[in-house]
Amino acid sequence: MSAAQDATDVLVVGAGVAGLACARDLSAAGVGVRVVEAGDEVGGRMRSDRVEGFVVDRGFQVFNTSYPQVRRRLPLRDLRLRPFTPGVLIHDSSGRLRFTDPTRRPRTLPDLLPGRLAGPRDLAALGLLSARDMLSPPGLLKRRPETTTRTALADAGVSEALVERFFRPFLSGVFLEEDLETSARVFHLVWRSMLRGTLCLPTAGVGAVPRALADALPHGALALESPVAVLTDEGALTADGRELPARAVVVATGPGPVTALLPGVALPGYRTVTTYYHVAPRSPLGEPTLLVDTRRRFLNTCVLSDVVPSYAPPGHALVATSVLGRDGEGRERQVREALGEAYGTGTDGWDLLTVRTIEDALPAMAPPQPLSRTTRVAPGRYVCGDHRATGSVQGALASGARAAREVLHDLR
C-alpha cells in the first residue's frame, strides 16, 4: 500500500484502553483514525492469556463498575461480570478478620462490633470518612487538601492501629506501595469508587474489557503486530520501514515506548508487581474474597476460580497472589509458606502455574499529584495514558478522552 493510500487524520500508537478510548472518540467525531499496536492483541497491561486451560490475567486485576468512563463506554452486561465479596479478609496473628460493607451484607454487621476489627472511635471515624467520600461529588474530593493518604487518615481520626491492621495492608495492594504516600485526593476518589461500585471480573478475563472497546472501532482501523520505530514529520515509521502518514499522532503506549518516541515527555516513576499463579486441587477459601496480610508478606491473594469458576478447569482451583517488586530466588517458596498460614492449609500439593511480573504496573502518585494533565506535547504530537491522570482504568480512559478532545480542537 502506498503512503498516500495509507494516510489518515490521526494515528494512535498503542491499543491499551487509553489509546482505544481516544480512537473511539475521534472516530465518533468523524475523524479518520488508525490504531497500530506492537503486540498480538489489544489491551496493553489489561491482557488475559490461556495457560494450560487456565485464564491468567497479566497481573492480578479487578474491574470497578462505578468508574464514570467505564459506565459510559462499556456494555457491562456483555462482559458477564462476576463480583468479589464487598469487603476483605485480614490475616493477622490472631487469625482472620472480616471487613465487609454492612450496607451491602447486613449479616456481616457483627464483624464490625467494637473490639473485633477496631474500637468504637475508629469505627465512628471510618463511618464518617466513608459517608463523606461516598456522598461527596467528585469535584469536591478533587479540591481536598493535597497530603498523603496516611496524613488524610490521621486527619479523619483513624488510629494508627487501624491503619496498620486494615488500611496499610489493603491499600498497599491498591496503590502498590507500602507507606501510604499516595496522594490523599487519589485515595478519596478511589475509596469513593469502591464504596459506590462493585469490584468484579469479566467471565472471559480482564482482557475482555479492551476487546469490547476495540470492537467499537471502524472495520480496518486497528492493526496488530505493527510496532512503531520512530515518529517523523509526516507521521510515523514502523519497525519494518512502512510509512504511516497522519496529520496528528497520539502516543498511547507504556512508559518505555513513550520515552523512545517522545524523549522530552516527563514520566513519573512506576511500581513493579509480581503475581504468582498457583493451582490447588480445591479452593482453600470457598468464597470470592480478597485476603490481605498484616505482616505484608504479600499484597493480596484470592482464589480466582471462586470469583469466576471458568478461570480454572473443573477439579482445580486457581490462586493468584501478588507481591511488590520482581520475582527472585526463593521468593515463591516464601510466598507459598505465607499462603499456607493465611489460608490455614498445606500448600505442598500446589503447583506453580506461571509467574507474571509487570514492570510498569502503576504510576507513582505521591503528592502533589495532578489529577489530569494536557496531552499536548508539540504541534501534532500528543500522549495519553494513566500517567497523565490517575493510575486506574478510569484515569487511562479519561486521558484518552482528553487526548481526543485536544486533537479535535487543534485539527479544527
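Helices (H or I, at least four residues) and strands (E, at least two residues) are DSSP runs, numbered from the N terminus. The structure is a predicted model, in which local features need pLDDT of at least 70 and side-chain atom pairs count only at pLDDT 80 or more, while totals for chains, interfaces and linings use all residues. Residues are numbered from 1 along each chain as its sequence is written, and side-chain values use heavy atoms, with hydrogens and water left out.

The account begins with a pair of helices. Two packed helices are described by the angle between their axes and the distance between the axes. Axes are lines fitted to C-alpha atoms, for helices over the stretch in contact, and angles run from 0 to 180 degrees between N-to-C directions. Helix H2 (residues 17-28) packs against helix H14 (residues 393-411) at an angle of about 40°, and their axes are 7 Å apart. The crossing of H2 and H14 is right-handed; a crossing has this name if the near helix is turned clockwise from the far one by less than a right angle, and is left-handed if anticlockwise. Contact means heavy atoms within 4.5 Å. From H2, the residues Val-17, Ala-18, Ala-21, Cys-22, Asp-25 and Leu-26 take part, and they meet Ala-396, Leu-397, Gly-400, Ala-401, Ala-403, Ala-404, Val-407 and Leu-408 in H14. Of the residues in this contact of H2 with H14, 12 are nonpolar, one is polar and one is charged. In this division Ala, Val, Leu, Ile, Met, Phe, Trp, Tyr, Cys and Pro count as nonpolar, Asp, Glu, Lys and Arg as charged, and the others, Gly among them, as polar.

The strands come next. Two strands pair if DSSP finds at least two bridges between them. An open sheet of three strands has the order E5-E9-E6, with antiparallel pairing. Its edge strands, each pairing on one side only, are strand E5 (63-64) and strand E6 (81-83). Strand E9 (residues 199-202) is joined to E6 by three bridges, and the two run antiparallel. Leu-81 stands opposite Pro-202 in E9. Elsewhere, E7 and strand E8 (residues 95-100) pair in the antiparallel sense over six bridges. A hairpin of two residues joins E7 to E8, and Val-88 has Phe-99 in E8 as its bridge partner.

Rings of Phe, Tyr and Trp (its six-membered ring) pair if their centres lie within 6.5 Å; planes under 30 degrees apart count as stacked, over 60 as edge-to-face and the rest as tilted. The structure holds nine aromatic pairs. Phe-60 and Phe-84 form an edge-to-face pair, 6.2 Å centre to centre with 85° between the planes. Because Phe-60 lies in the loop between E4 and E5 and Phe-84 in the loop between E6 and strand E7 (87-92), the pair ties together parts that are 24 residues apart in sequence. Buried means under 20% relative accessible area, exposed over 50%, and partly exposed in between (1.4 Å probe, protein chains only). Phe-60 is buried at 19% relative accessible area, and Phe-84 is buried at 8%. Phe-167 and Trp-191 form a tilted pair, 5.5 Å centre to centre with 50° between the planes. This pair links distant parts of the chain, with Phe-167 in helix H8 and Trp-191 in helix H9, 24 residues apart. Both Phe-167 and Trp-191 are buried, and they belong to one aromatic cluster together with Phe-99, Phe-166, Phe-170 and Phe-187.

Burial is also found in other elements. In helix H10 (residues 208-215), six of the eight residues are buried, namely Ala-208, Val-209, Pro-210, Ala-212, Leu-213 and Ala-214. Val-319, in strand E17 (residues 317-324), is buried with a relative accessible area of 0%. Leaving aside neighbours within four places in sequence, Val-319 is in contact with residues including Tyr-276, Tyr-277, His-278, Tyr-343 and Trp-350.

Most residues other than glycine have a negative phi, and most peptide bonds are trans. Glu-52, which is not a glycine, has a positive phi of about 55°; Glu-52 is in the loop between strand E3 (48-51) and strand E4 (54-57) and counts as exposed at 67% relative accessibility. Leu-176 also has a positive phi, near 55°. Leu-176 is found in the loop between helix H8 (160-175) and helix H9 (184-196), and counts as buried at 10% relative accessibility. A cis peptide bond, with omega about 0°, joins Pro-367 and Pro-368, and Pro-368 lies in the loop between strand E18 (351-363) and strand E19 (376-378).
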